[in-house]
Amino acid sequence: MTLRVDEWYRQQGRQPYYSSLPDFIEKNTKVNSTTSASTTTSGIERNDETLSEIDNLSCKSTAQDFDACCIKLRLIVVKAAIQHLSKNWDTLTALTDADVDRAAIRGDLLGRPSTLSKIKLRNVLCSFTSGTCVNRMEALWNLIDHDQDGYLEQEEMANAVRISMKPVEEALKIFLTESILHTKSIDTGNWRQRRQKRLKKEKLEKMFRHTIKNHFEIEIESAHRLRCIYAWADKKHQGGKISSTLVAGGGLRQRYVELNPKISFEEFRIEQKSFFPQLDRAGEEIMKGYKDDLLLLQGTGRQNQELKRDCISFFAVVSVIDFALMHM
C-alpha cells in the first residue's frame, strides 16, 4: 500500500496537492510572499474586495492541502493497523481460560482458531480507513468474538481496546516525525545552528515517544477505567452473576471453576461513555497530552533560567562583599 497522496489524487483524476505538511508550509509561504510583494510593487489599493479574494484563495488552498494531509494520515493509520494485526495474530486468535472451561462444561473440545473471517478483517480495516473510534471498537469486538454470541470476556474486552488504540499511536508517531520534525529548515544555517536544531528535534521526538508510552497507561489510567467499565456494566449474560460449577479434569478428578459473566458491546458503550470517554478521541487525546508535555518543558526551562540568574546574582553579590571586606 503506497502512502503518496499525489498518486492517489492522480488516480482519482484530481489535481495532486502537496504530499506532506512541510511541502505545503514551504510552498504556501512562497506563494504568500510573492503575492504580498507583487501587491506592494504594483501599488494596488488593499480594499475590502482585494482582501476578500486573497482570503478566499488562501482558505481554498489551505482546505485542499489539509484534506491531503488528512488522507495521508489515514493511510498511515491503515498501514499501522495492518502491521499491528499481523504482529498480534496470537492475541486475536487466543482462547481465554473461561472459553475452555465453558466448552468443557458443554462437553465440547474447543480448538484454537487458525484463521479469521475475511469479512470481519475487512470491516476492521475499513473502520481504520474511514470510520470513527467507535466503529473501530465495534469491528474489533466482532473480530475477537469467536463464538459469535456478541459477548466478550473481560480480558478480551481489554485486548480489543488496546488494539484499537495502538495503530493510532504508531501512525501519529510516524506522521509527526515525517511532516513536522523532518523539515528542510533543520539543514540550514551554520554548524552550530544545525546542531541546536538537531538536538531540539531529538528532544521533541523523545518527548512524543514518552507521551505515547505513558499517556493512556499512566495519566489516563486506562487499565483502571476498563475494570470500572466491566464492574459497573449491567451485564445480561448469566444474569450478571458468577457461575460456579465442577469441570472434569484429568482422570477421575474434577476441578471447581467460577465463570464471570461476559459483556456485550452495547453494555460496554454505556459505561465507556462515563468512565473512559477519552477512547472516543484517542488521537486528539494523545496530542493533548503532547501539548501539555511541551508546556511543562517550556515552564521548566523558564524556571531553570530564573534559577540560574538568581544563583549568578547571589554569587556576584557575595563576591563583591568578600572583596570589599578583604580590602577594608
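Reply: Helix 7 (residues 133-144) packs against helix 11 (residues 265-275) at an angle of about 145 degrees, and their axes lie 11 Å apart. Here helices are DSSP runs of H or I with at least four residues, numbered from the N terminus; axes are lines fitted to C-alpha atoms over the stretch in contact, with angles from 0 to 180 degrees between N-to-C directions. V134, M137, E138 and W141 of helix 7 meet F265, F268 and R269 of helix 11, where contact means heavy atoms within 4.5 Å. By class, five of these residues are nonpolar, none polar and two charged.

This is a predicted model, in which local features need pLDDT of at least 70 and side-chain atom pairs count only at pLDDT 80 or more, while totals for chains, interfaces and linings use all residues. Residues are numbered from 1 along each chain as its sequence is written, and side-chain values use heavy atoms, without hydrogens and water.

Beyond residues up to four places away in sequence, M137 touches A160, V161, S164, F265, F268 and L279. M137, W141, V161 and F268 are also among the residues with the most contacts inside the largest nonpolar core, which has 45 residues. Such a core joins buried Ala, Val, Leu, Ile, Met, Phe, Trp, Tyr and Cys residues through side-chain atoms within 4.5 Å, buried being under 20% relative accessible area with a 1.4 Å probe, protein chains only. Helix 8 gives the most to this core, with 11 residues.

The mean pLDDT of the chain is 80, on a confidence scale from 0 to 100.

Key: Helices (H or I, at least four residues) and strands (E, at least two) are DSSP runs, numbered from the N terminus. Ala, Val, Leu, Ile, Met, Phe, Trp, Tyr, Cys and Pro count as nonpolar, Asp, Glu, Lys and Arg as charged, and the others, Gly among them, as polar. pLDDT is the predictor's confidence in each residue, from 0 to 100. Buried means under 20% relative accessible area, exposed over 50%, partly exposed in between (1.4 Å probe, protein chains only).
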